[in-house]
Amino acid sequence: MTSLPGDDGDAEAEPLVCARCGTRAEGPQPTWACSLENGVRQYFCDTCSRENLRSIEGRLDSAWW
């Protein structure tokens, strides 16, 4: 597992919140999608990710399929 620069690992992480529907995560959510948009990380819950999968894939270069 890697850490961000300057992350000492002791600070309590803020809970994840879905950028689309506002669902709050209870603990770690390894199945949530993470997107880097305009330099900002956005997280999307399982439901929103599944409902918008075609749109997400449509933005990827064919090399990522």
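Strand 1 (33-37), helix 1 (46-51) and helix 2 each contribute at least two residues to the lining of the second largest pocket. Helices (H or I, at least four residues) and strands (E, at least two) are DSSP runs, numbered from the N terminus. By class, the lining is made up of 6 nonpolar, 4 polar and 3 charged residues. Here Ala, Val, Leu, Ile, Met, Phe, Trp, Tyr, Cys and Pro count as nonpolar, Asp, Glu, Lys and Arg as charged, and the others, Gly among them, as polar.

The structure is a predicted model, in which local features need pLDDT of at least 70 and side-chain atom pairs count only at pLDDT 80 or more, whereas totals for chains, interfaces and linings use all residues. Residues are numbered from 1 along each chain as its sequence is written, and side-chain values use heavy atoms, with hydrogens and water left out. The mean pLDDT (the predictor's confidence in each residue, from 0 to 100) is 80 for the chain, with 78% of residues reaching 70 or more. The elements run β-β-α-α from the N terminus on.

Of the 65 residues in the chain, 12% are buried (under 20% relative accessible area; exposed is over 50% and partly exposed in between, with a 1.4 Å probe and protein chains only). The largest nonpolar core consists of C18, A25, W32, F44, C45 and C48. Such a core is a set of buried Ala, Val, Leu, Ile, Met, Phe, Trp, Tyr and Cys residues joined through side-chain atoms within 4.5 Å. Apart from its neighbours within four places in sequence, C45 is in contact (heavy atoms within 4.5 Å) with C18, C21 and W32.

N38 is located in the loop between strand 1 and strand 2. Its phi is near 55 degrees, a positive value in a residue other than glycine. N38 counts as exposed because its relative accessible area is 84%.
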